[in-house]
Amino acid sequence: MDIWPPEKRSAVMARIRGKDTKPELIVRSLLHRAGLRFALRRKDLPGKPDIVLPKYSTVIFVHGCFWHRHKGCKVATMPKSRQDFWQAKFEANVARDKRNQRDLKEAGWNVIVLWECQVERDPFATIEKVLKAIRPDSPTLDYNTLPDKRTILKAAESRHQWNLSNDTNS
Ligand SMILES: [Zn+2]
């Protein structure tokens, strides 16, 4: 994503918003490898969490750093034009996230928020954290059967490209 200048990046991100993002695919693939079964974007839950683990009463959001305003993250840039528009939009996004998380917690869900940059930087550590949070007494990822980080990232990348090129509606 760094190949795009900030202005262009916003446009690109707007286009892929709501699709399976690369980090989302990475998280799903690793959770799957850890033996977890999950549902995707359950529409009946506040904020349509990206991943739902009913067995562990846990929902996971894989937040895009730009849209959800990851604090202190270099991806959370402010577009140069129409700043009022963006500012309002970002504030609404953050407020909505907060509200959704509160509602989910009140309904008895554990809420885990992962940031895209965190997933891309260290997918394994990120998943270890998730596993620890949802089942503290269970084994974690089996590194003997796990492809290396490069392979995982590449697989997600090609899957993501495939999704984009097959998405003619946006
Ligand atoms: Zn970030």
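Predicted model: local features only at pLDDT ≥ 70, side-chain atom pairs only at ≥ 80, totals over all residues.

Me: Which residues have the most contacts inside the largest nonpolar core, and how many residues does that core have?

Reply: Residues are numbered from 1 along each chain as its sequence is written. The largest nonpolar core has 27 residues, and V27, L31, I51, I60 and L114 have the most contacts inside it. A nonpolar core here is a set of buried Ala, Val, Leu, Ile, Met, Phe, Trp, Tyr and Cys residues joined through C-beta atoms within 7 Å.

Me: Which elements give two or more residues to this core?

Reply: They are α2, β2 (51-53), β3, β4 and α5, and α2 gives the most, with five residues. Helices (H or I, at least four residues) and strands (E, at least two) are DSSP runs, numbered from the N terminus.

Me: Why is V27 called buried?

Reply: A residue is buried if 20 or more other C-beta atoms, placed from the backbone, lie within 10 Å of its own, exposed if 12 or fewer, and partly exposed in between. V27 has 25 within 10 Å, so V27 is buried. Its place is in helix α2.

Me: What does V27 touch, leaving out residues up to four places away in sequence?

Reply: V27 touches I51, I60, V62, L114, V119 and I127; contact means that the C-beta atoms, placed from the backbone, lie within 7 Å. V27 and I127 are 100 residues apart in sequence, yet 7.0 Å apart in space, C-alpha to C-alpha.

Me: And why does G108 count as exposed?

Reply: G108 has 7 C-beta neighbours inside 10 Å, so G108 counts as exposed. G108 lies in the loop between α3 (83-106) and β4.

Me: What makes the buried residues of α5 line one face?

Reply: In α5, P123, T126, I127, V130 and L131 are buried. Seen down the axis, they fall within an arc of 135°, so they line one face of the helix; the arc is that of the directions from the helix axis to the C-beta atoms. The face turned away from this buried side carries the exposed residues A125 and K132.

Key:
Contact = placed C-beta atoms within 7 Å.
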